[in-house]
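Hi,

Here's the structure I promised to pass on.

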Amino acid sequence: IGVETTYKPLLKLFILIWECRFIILIDYNNNIKMKIFIQFILLIFLSLNINIQKSFSDEKIKVGLIIPLSGEHKEIGESILNSTRLAINKIDNKNILIIPKDTKSNPDTTFKVAKELRELGVKIIIGPLFNKNLIYLDELDDVIFLSLSNKILDNPKNVITAGINAISQINTIKKFKKKNDIRRSVFLIPNSDYKNEIQKAIKETKIKLKETFIYDTDPTLLTAQIEKLTRYAQRKQNLKDEIKRLENSNEVNKDKKIENLKKRDTLGGINFDSVIIADFDEGLKSVTTSLLYTDISSKRINYIALNQWFDRSLIVGNSLQPIYFPSINKDNYDEFTKEYFNVYKKLPNQISFLSYDLVGLVYYLIYQNKFIIDDKIFYKKNKFKGKVGIFEINKNKINHILNFYVAEDKNFKKIF
């Protein structure tokens, strides 16, 4: 009696700090002091979290680079290595460590050096350069490989193709066709190892075509095949028939009309408005030469090619112009080439431009993933703006959002 009794409930606090992997259990029964205590714990939590993140970011980020540094393809490999050094200097982070190894362009050597890198704790490797060197890499299933090839068929599950693949190029062509109301395209595909890649990309992109046409890479057979495609014999006969008809007619100014017809090679329409040619260098020139021979010039229909890496032979003569193609960003490519030349006093290989971007891409994704390298780093949907263009990453696949150019009037002009 006369003593005030206060009920003080006992509170049990469970505080989980995940990054530190421990639980704090306390008994507390004063509300004000409890609030102060919780604030104190949160302050500790934030401090620990920052320290843990710093410890992750201070760790060496080891990235492998497997390329030919000896043998036939030594110069390409050295150019790739030089470009990765430029990229490292640009990023300016002393914790990124590129570890190069020589594949000698050999599948067995490629597997051997990749295994050595894994034993050093490397989980991401840029390379190899050639598709043939991928065959044993599925045995190193805890390592991610960023292949510099652009071939996507039948690759091991742990290999991500980083090259400018056919899907990326055809998606860009689709955009051009839509902008210019091009509806009746014939896709010309060489009967080569690359044929299946193109056919796969046509199916995946769902590009609308009038037809696909497989042609022989032998120039002695090609012209006859293009003649058949363009109905050249029939159009040639149409011209002869029309001249003969006029000669036997009483039409006004028939002599003038006949004179004009004799300047032509064929007469009659064709049932397509564009050709998409999946070829390069001399192969591309053989196809366009056959088209010109059959009286189908680039002034009459749209000539569209795949990525030509700004091959200057396309703008030397006027016979191929205009010819359209998807490509990497030319301004960035020229800037990279100039920077490379200033440092190394020689021009870079085209593939080295891609490897320059891949160093930045790897760093960006590791940074986004809180410096944790796991099998989901290339699985999550993401985008990265590089020098090549925009990389689209999704479900362990890389595609590129490309620009579109035309070779015309002895110059390369950007369409979009």
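First, the residue classes: Ala, Val, Leu, Ile, Met, Phe, Trp, Tyr, Cys and Pro count as nonpolar, Asp, Glu, Lys and Arg as charged, and the others, Gly among them, as polar. This is a predicted model, where local features need pLDDT of at least 70 and side-chain atom pairs pLDDT 80 or more, while totals for chains, interfaces and linings use all residues. Numbering runs from 1 along each chain as its sequence is written, and side-chain values use heavy atoms, without hydrogens and water.

Pockets (open sets of 1 Å grid points where a 1.4 Å probe fits, with protein on both sides within 12 Å along at least five of seven lines; lining residues have an atom within 4 Å of a point) come next.

The largest pocket has a volume of about 990 Å³. Its lining counts 34 residues, with F280, N307, W309, Q350 and I351 nearest the centre; by class that is 16 nonpolar, 11 polar and 7 charged.

Now helix α6 (residues 219-229); helices are DSSP runs of H or I, at least four residues. L222, I226 and L229 are its buried residues (under 20% relative accessible area, 1.4 Å probe, protein chains only; exposed is over 50%). They sit on the same side of α6, because they cover an arc of only 55 degrees around the axis, taken from the directions from the helix axis to the C-beta atoms. Exposed T220 and K228 are on the face turned away.

Cheers

Conventions:
Helix = DSSP H or I, 4+ residues; strand = E, 2+ residues; numbered from the N terminus. Points joined across faces, edges and corners; volume = space filled by probe spheres on them.
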